[in-house]
Amino acid sequence: MSRFWKIVLLVIAVLVVGLVGMRMLGGGKAKDAKGGPQAEAGKDGERDNGPVPVTVIDAARQDVPVYASALGTVSAMNTVTVSPQVGGQLLSINFKEGQEVKQGDLLAQIDPRTLQASYDEAAAAKKQNQAQLATARSNFQRSNSPEYRQYVAKTDLDTQRNQVAQYESAVAANEASMRAAQVQLQYTRVTAPISGIAGIRAVDAGNVVSAGTAIVTLTQVHPIHVVFNLPERQLPDVRQAQQAGPVTIAALDRNDAHVLTDGGTLDVVDNQISSDSGTFRARALFDNKDNSLWPGQFVNVRMQLRTIAGGVVIPTQAVMRGPDGEYVYIVKPDNTVAMQTVKSGVEVGDSHVQVTEGLKGGERVVSEGQFRLKPGSKVTALKPGETPAAPTEAELKAAAQKQGGGGRRGGGPR
């Protein structure tokens with residue numbers, strides 16, 4: 001045989017051996033894919049997956065209050081800048097900054113000596129005119145008596161009568177001057193026109209003040225107002241609640257963490273809606289006996305509009321959102337889950353929500369662990385805060401034996 005044919009036969013033999021080897025390898029993989037040991041091990045893994053532990057809670061029925069919330073500003077019911085009505089040297093300041101003063105309390109004292117002198121001058125002039133009036137009356141009475149009238153000319157009698165009227169007018173003018181001086185003298189005692197908190201004084205004792213000089217600002221905090229804005233779409237609900245009776249309002253801190261004071265009531269709703277912001281203004285009234293509210297403070301206002309009787313309430317985290325809307329997982333009696341479409345309503349506190357459609361009271365709802373579920377999944381129902389029980393020693397041994405048996409089936413010696 002020639003050398004050429006030997007090379008050809010060698011090449012053909014190599015190709016045949018390669019094809020046979022590829023055939024054998026392909027058959028082994030197909031066996032694994034169809035029903036070999038690896039497929040059996042996968043089936044065992046699926047069989048080993050037990051029920052999914054989830055937290056389950058019953059949908060509760062309860063009365064659900066409906067609130068309207070807004071950011072409000074605390075404002076004093078009355079704010080008065082106290083100024084003297086007369087001028088003079090400020091002798092004393094009779095209040096402490098920041099203290100609460102009552103209406104009529106003495107706040108400051110102005111030097112009264114100049115006005116006291118004016119009052120004394122008017123009193124002296126009154127006494128002088130009263131003496132002249134007494135003389136004129138005596139002369140007139142004497143001249144007008146029956147025994148002297150025939151000896152007095154009618155002109156003199158008229159003059160005496162007019163003198164009496166003149167001095168009576170002078171006495172009346174003196175009395176008016178005394179009253180005016182007394183009023184001015186009273187203004188030297190600067191008193192509180194309202195009850196409130198005294199601010200920082202604007203002037204010190206010893207300065208000469210004039211009418212209109214600011215001394216201190218008083219702010220009334222009992223009761224106190226909170227002004228807030230609400231969107232115009234809530235106006236019908238607010239007016240309806242106002243017609244039904246007193247509307248209760250609570251004031252919370254800026255973070256909605258706790259209630260500063262409750263027991264407030266809706267005082268007034270403004271008579272127009274702002275065309276710029278689409279909101280209307282309202283005002284609440286609080287007693288503020290504990291001074292929990294302070295003028296200028298920002299608070300969150302929570303106003304109760306109505307109450308939904310027997311609403312279905314579940315935890316907020318139980319409600320999932322998908323392409324078709326909101327849904328929850330309901331646990332059936334056989335401990336499998338089903339997807340249920342729902343519609344959520346108002347929030348109940350910080351952690352619950354009211355469901356308006358798709359759920360009944362008493363149904364078991366998955367509140368935690370639902371991300372591992374799909375319709376029909378088997379679950380282990382746990383109470384809130386409960387953890388799955390630890391596996392027993394027998395369960396651990398059984399699991400180890402299953403894993404060992406699967407290993408022998410998959411790649412053990414034949």
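## A buried aromatic pair

Let's start with tyrosine 327: at 15% relative accessibility it counts as buried (under 20% relative accessible area, with a 1.4 Å probe and protein chains only; exposed is over 50%, partly exposed in between). Tyrosine 329 is buried too, with a relative accessible area of 5%.

A search of the whole structure turns up one aromatic pair (ring centres of Phe, Tyr or Trp, the last by its six-membered ring, within 6.5 Å; planes under 30 degrees apart are stacked, over 60 edge-to-face, the rest tilted). The rings of tyrosine 327 and tyrosine 329 have centres 5.9 Å apart and planes at 90°, so they pair edge-to-face.

## About the model

This is a predicted model, where local features need pLDDT of at least 70 and side-chain atom pairs count only at pLDDT 80 or more, while totals for chains, interfaces and linings use all residues. Residues are numbered from 1 along each chain as its sequence is written, and side-chain values use heavy atoms, leaving out hydrogens and water.

## The nonpolar cores

The largest nonpolar core has 26 residues, and Phe228, Leu266 and Met303 have the most contacts inside it (a core is a set of buried Ala, Val, Leu, Ile, Met, Phe, Trp, Tyr and Cys residues joined through side-chain atoms within 4.5 Å). Apart from it lies another core of 19 residues, among them Val86, Leu115, Val190 and Ile215.

Methionine 303 touches residues including Val66, Tyr67, Phe228 and Leu266, not counting residues up to four places away in sequence (contact means heavy atoms within 4.5 Å).
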